[in-house]
Amino acid sequence: MLWYTTNTMDIRISEISQETPTSHTVLFEKPPGFTHKPGQFMLFNQHIVETDARGNRRQFSIAASPTEDFLMITTKHGESRFKEELLKKNPNDAISAVGPLGHF
């Protein structure tokens with residue numbers, strides 16, 4: 001059974017909150033018809049002019065239950081240009097994503 005898609009979509013940020021001094025949670029609006037299974041992840045892409053060696057893409061596990069009406073990732077921040085730029089975003093800003101990906 002195929003549990004993933006390769007559709008690229010723009011998803012909107014609804015909230016960014018600090019969980020600990022070194023970690024943040026990002027909530028996204030769940031696109032209509034989006035479904036995922038526990039353990040799946042998404043590939044996020046940002047247009048960053050001056051990026052680090054890892055580039056403009058990162059994958060994050062979907063931390064929200066499939067039954068929730070939002071998507072969520074939680075990440076520890078550090079020396080990552082991608083995460084710095086992600087955490088500068090505001091509610092209603094969009095980010096490009098592919099997913100869900102993977103099977104567990």
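A residue counts as buried under 20% relative accessible area, as exposed over 50%, and as partly exposed in between. The exercises below apply this to the salt bridges of a predicted model.

**Exercise 1.** Determine whether Glu84 is buried, partly exposed or exposed, and identify its salt-bridge partner.

*Solution.* Step 1: the relative accessibility of Glu84 is 39%, so Glu84 counts as partly exposed. Step 2: Glu84 forms a salt bridge with Arg81, and the closest N and O atoms are 3.5 Å apart. Step 3: Arg81 has a relative accessible area of 25% and is therefore also partly exposed. Step 4: both residues belong to helix H1 (residues 81–87), where three residues, about one turn of the helix, separate them.

**Exercise 2.** Classify the two partners of the salt bridge between Arg58 and Asp52 by accessibility.

*Solution.* Step 1: the side chains of Arg58 and Asp52 meet at 3.3 Å, N to O, and a salt bridge requires a distance within 4 Å. Step 2: Arg58 has a relative accessible area of 4% and is buried. Step 3: Asp52, at 24%, is partly exposed.

**Exercise 3.** State how many salt bridges a search of the whole structure finds.

*Solution.* The search finds four salt bridges, including the Arg58 and Asp52 pair.

Technical notes:
Residues are numbered from 1 along each chain as its sequence is written. This is a predicted model: local features need pLDDT of at least 70, side-chain atom pairs count only at pLDDT 80 or more; totals for chains, interfaces and linings use all residues. Side-chain values use heavy atoms; hydrogens and water are left out. Buried means under 20% relative accessible area, exposed over 50%, partly exposed in between (1.4 Å probe, protein chains only). Helices (H or I, at least four residues) and strands (E, at least two) are DSSP runs, numbered from the N terminus.
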